[in-house]
Amino acid sequence: MRDERTAVDFVRMKDGTAEEYAFLQREEAAYAAGAAERVLAGLRALENSMGGYRVSRLDHSLQSAARAERDGADTDWIVSALLHDIGDALAPHNHSQLAAAVIEPYVREECSWVVRHHGAFQMIYYGHHIGLDPHARERYRGRPNYAACVDFCERWDQASFDPDYDTPPLGHFAPLVREVFARTAWDPAAIRKGVRVPLCTDPDA
């Protein structure tokens with residue numbers, strides 16, 4: 001018989017039935033299928049995020065992704081560069097961790113690790129100006145993805161505040177975002193634990 005319910009009956013999780021939780025799983029799957037569009041909306045909202053820089057947070061994100069693309073980086077790196085600051089609006093004091101949580105179920109482990117830690121690695125550029133440890137990244141030296149995070153920050157993140165850089169619009173990257181978020185969450189074929197891919201594959205970059 002077709003389940004016509006629109007909501008569960010329970011008001012405490014421990015009172016739910018198997019049928020109700022099966023219904024909720026279907027609801028969750030349908031909602032999760034729209035994740036890419038919500039992520040794209042979150043990126044658009046960065047246009048009106050923190051000020052003070054010569055470009056908006058959205059432009060910075062797009063520019064980072066454009067640099068990744070022009071370096072010949074793969075889809076996971078490009079999308080990671082695009083989304084690395086998406087946590088700024090809701091988690092200004094730990095934006096790296098929030099951004100990593102958004103992409104972690106869908107991209108190579110290497111990429112989510114770099115996004116999770118890029119905030120600490122960026123301290124090398126400005127920590128000494130504001131009383132923070134510019135060598136915060138040293139605590140991660142020897143980790144398998146240390147060099148990738150150094151390169152991510154140097155090639156794409158810290159360099160992407162240029163209002164004159166030829167930066168494509170969000171629509172240019174939207175298909176890649178949709179491709180990544182259409183993957184099955186936590187699929188080992190997507191996470192590819194232990195696999196490392198160079199950030200730059202273009203010899204002329």
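Student: Where does tyrosine 126 lie?
Tutor: Tyrosine 126 lies in helix H7, residues 123-130. Keep in mind that this is a predicted model.

Student: Is tyrosine 126 buried, exposed or partly exposed?
Tutor: Tyrosine 126 counts as partly exposed, because its relative accessibility is 36%. Buried would need under 20%, and exposed over 50%.

Student: Which residues make a nonpolar surface patch with Tyr126?
Tutor: Ile130 and Leu132 make the patch together with Tyr126. The patch covers about 280 Å².

Student: OK, now the inside. How many residues does the largest nonpolar core have?
Tutor: That core has 50 residues. Leu43, Trp77, Leu82, Leu83 and Phe181 have the most contacts inside it. Among the elements that give two or more residues to this core are helix H2 (35-45), helix H4 (75-83) and helix H9 (170-181).

Student: What is phenylalanine 181 in contact with, leaving aside its neighbours within four places in sequence?
Tutor: Phenylalanine 181 touches Ala35, Ala36, Val39, Leu83, Val102, Ile103 and Tyr106.

Student: And how many aromatic pairs are there?
Tutor: The count comes to 10 aromatic pairs. One of them joins tyrosine 106 and phenylalanine 181. That pair is tilted, with 4.7 Å centre to centre and 45° between the planes. Tyrosine 106 sits in the loop between H5 and H6 and phenylalanine 181 in helix H9, so the pair ties together parts 75 residues apart in sequence.

Student: Are tyrosine 106 and phenylalanine 181 buried or exposed?
Tutor: Both tyrosine 106 and phenylalanine 181 are buried.

Student: Switching topic. How many salt bridges does a search of the whole structure find?
Tutor: The search finds 12 salt bridges. Take aspartate 88 and arginine 57, whose side chains meet at 2.5 Å, N to O. Aspartate 88 is in the loop between H4 and H5, and arginine 57 is in helix H3, 31 residues apart.

Student: Why does aspartate 88 count as buried?
Tutor: Aspartate 88 counts as buried because its relative accessibility is 11%. Arginine 57 counts as buried too, because its value is 9%.

Student: What about arginine 155 and aspartate 71?
Tutor: Their side chains meet in a salt bridge of 2.7 Å, N to O. Arginine 155 lies in helix H8 and aspartate 71 in the loop between H3 and H4, so this pair ties together parts 84 residues apart in sequence. Arginine 155 is partly exposed, at 33%, whereas aspartate 71 counts as buried, at 7%.

Technical notes
Residues numbered from 1 in each chain as written. Predicted model: local features only at pLDDT ≥ 70, side-chain atom pairs only at ≥ 80, totals over all residues. Heavy atoms only, no water. Core = buried A, V, L, I, M, F, W, Y, C linked by side-chain atoms within 4.5 Å. Buried < 20%, exposed > 50% of the residue type's maximum accessible area, 1.4 Å probe, protein only. Helix = DSSP H or I, 4+ residues; strand = E, 2+ residues; numbered from the N terminus. Contact = heavy atoms within 4.5 Å. Patch = residues over 30% accessible without salt bridge, like charges linked within 9 Å, V, L, I, M, F, W, Y side chains within 5 Å. Areas by Shrake-Rupley, 256 points an atom, 1.4 Å probe, with all protein chains shown as cover. Salt bridge = Lys/Arg side-chain N within 4 Å of Asp/Glu carboxyl O. Phe/Tyr/Trp six-rings, centres within 6.5 Å; stacked < 30°, edge-to-face > 60°.
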